[in-house]
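Please take a moment to look over the sequence and the fold shown here before reading on.

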Amino acid sequence: MFSFCADPETLESVQWLACYLTTGKHMGFYWSFLTVLTLLAITAPLALIFGFGGAIAARSPIAPLSWFGKGYIAIVRGVPDIAFFLFFVIALDQGIEYLRHKIKCPDWPDTIRQGNDFIVCQAAKMPLGNAPQWVHETYGYFIAVFTFAIVFGAFAGNVLFGAMRAVPKPQIETAEAYGMTRRQSFWRIIVPQMWVYALPGLGNLWMVLIKATPLLFLLGVEDIVYWARELGGTKTPRFTDYPHGDWRVWYFLVLLVFYLAFTRLSEIVLDRVMRRLTAGQATSGGEAQRRAAA
């Protein structure tokens, strides 16, 4: 902290604000923006992988695999996000501890489920009780990331499944007439072209994912919503050197500006990617580009 912050009572208003905005808690608030961006950077490709796998499974000629893919897409999309987040995080955490308990404590005499309590031996805890705080926070964060990827992977799977079916069938039939196998036509014809049809839906899904990041707060992760509420609430001199009234509206205004700026940047990037993908394609976008270049 700056040296002129040593005596808060003698500070001028500008100095007071400078000291206030550089406290340890505010550093946590600033770092929480990186937490959100990291969540998006990890979740987006992971959700795309889950979605691509679900779409491939859904269109498989093998009935059980097709049922699994369609079931994953339908069930996860049919459950409200907040309900799935709150359920799956607890279920996954307890599932991991249950498996570890069976392996590490096979002679445990008591039942694991005791009324409303879920009790496992100390060696099976995830993470261990004596683990550093950062390990607990990292574990909870990646559980949350995995949950986000499962949920948005189902939506991505539905988009990709539709995009695969939108590729013109005559092209697939032509590939097969030239002797391509089903697998070859899939990877050489369907996959390269499906992105043109999938990108609008994936773009919308990206926007929804951005707006869903405040759900981290409900999962126990100290994200920007947590810090905005924590720092913006009324503070009295008894608990802090920087007392103030209810400033939550200003902190949440910062979040509003952040999300609006980030979504606008995303729109610009997605628009450029769409123009690049549709160049030379037999789509309305491709036709528009050809007419503009003529």
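## How the helices pack

Helices α2 and α8 run roughly antiparallel to each other, because the angle between them is over 145 degrees. That angle is about 155 degrees, and it is found where α2, covering residues 24-58, packs with α8, covering residues 224-232, the two axes being 8 Å apart. The model is a predicted one, and the points below should be read with that in mind.

**Helices α2 and α8**

- When α2 passes α8, the crossing is left-handed.
- On the α2 side the contact is made by Lys-25, His-26, Gly-28, Phe-29, Ser-32, Phe-33 and Val-36, while on the α8 side it is made by Ile-224, Trp-227, Ala-228, Glu-230 and Leu-231.
- Sorted by class, the residues in this contact of α2 with α8 are 7 nonpolar, 3 polar and 2 charged.

**Helices α6 and α7**

- Helix α6, which spans residues 169-177, packs with helix α7, which spans residues 182-212, at an angle of about 160 degrees, and their axes lie 10 Å apart.
- This angle makes α6 roughly antiparallel to α7, and α6 passes α7 in a right-handed crossing.
- The residues that meet are Gln-171, Ile-172 and Ala-175 from α6, together with Ser-185, Ile-189, Ile-190 and Gln-193 from α7.
- By class, 4 of the residues in the contact of α6 with α7 are nonpolar and 3 are polar, and there are no charged residues.

**Helices α7 and α9**

- Helix α7 also packs with helix α9, here at an angle of about 175 degrees and with the axes 10 Å apart.
- The angle makes α7 roughly antiparallel to α9.
- From α7 the contact draws on Trp-195, Val-196, Leu-199, Pro-200, Gly-203, Trp-206, Met-207 and Ile-210, and from α9 on Tyr-259, Phe-262, Thr-263, Ser-266, Glu-267, Leu-270, Val-273, Met-274, Leu-277 and Thr-278.
- By class, the contact of α7 with α9 has 13 nonpolar residues, 4 polar residues and 1 charged residue.
- Met-274, which lies in α9, touches Val-196, Leu-199 and Pro-200 when residues up to four places away in sequence are not counted.
- Although Met-274 and Tyr-197 are 77 residues apart along the chain, their C-alpha atoms are separated by 9.7 Å.

**Salt bridges**

- Side chains of opposite charge can pair when their charged atoms come close, and this structure holds 4 salt bridges.
- One of them joins the side chains of Lys-25 and Glu-230, with a distance of 3.4 Å from N to O; the pair links distant parts of the chain, as Lys-25 is in helix α2 and Glu-230 is in helix α8, 205 residues apart.
- Lys-25 has a relative accessible area of 41% and is therefore partly exposed, and Glu-230, at 26% relative accessibility, also counts as partly exposed.
- Another salt bridge is formed by Asp-246 with Arg-248, where the closest N and O atoms are 2.6 Å apart.
- Asp-246 is partly exposed because its relative accessible area is 40%, and Arg-248 counts as partly exposed because its relative accessibility is 37%.
- A further salt bridge is formed by Asp-271 with Arg-275, the closest N and O atoms being 2.3 Å apart.
- Because Asp-271 and Arg-275 are 4 residues apart in helix α9, which covers residues 248-278, they are separated by about one helical turn.
- Asp-271 counts as partly exposed at 39% relative accessibility, and Arg-275 counts as partly exposed at 43%.

**Two single residues**

- Is Thr-147 buried or exposed? Thr-147, whose place is in helix α5, residues 133-166, is buried, because its relative accessible area is 0%.
- Leaving out residues up to four places away in sequence, Thr-147 touches Phe-84, Phe-85, Phe-88 and Val-89.
- Tyr-30 is found in helix α2, and its relative accessibility of 35% is why Tyr-30 counts as partly exposed.
- The C-alpha atoms of Tyr-30 and Ala-154 are separated by 32 Å, and the two residues are 124 residues apart along the chain.

How values were computed. Residues numbered from 1 in each chain as written. Predicted model: local features only at pLDDT ≥ 70, side-chain atom pairs only at ≥ 80, totals over all residues. Heavy atoms only, no water. Axes fitted to C-alpha atoms, helices over the stretch in contact; angles between N-to-C directions. Helix = DSSP H or I, 4+ residues; strand = E, 2+ residues; numbered from the N terminus. Parallel < 35°, antiparallel > 145°, perpendicular 65-115°, else oblique. Left-handed = near helix turned anticlockwise from the far one by under 90°. Contact = heavy atoms within 4.5 Å. Nonpolar A, V, L, I, M, F, W, Y, C, P; charged D, E, K, R; others polar. Buried < 20%, exposed > 50% of the residue type's maximum accessible area, 1.4 Å probe, protein only.
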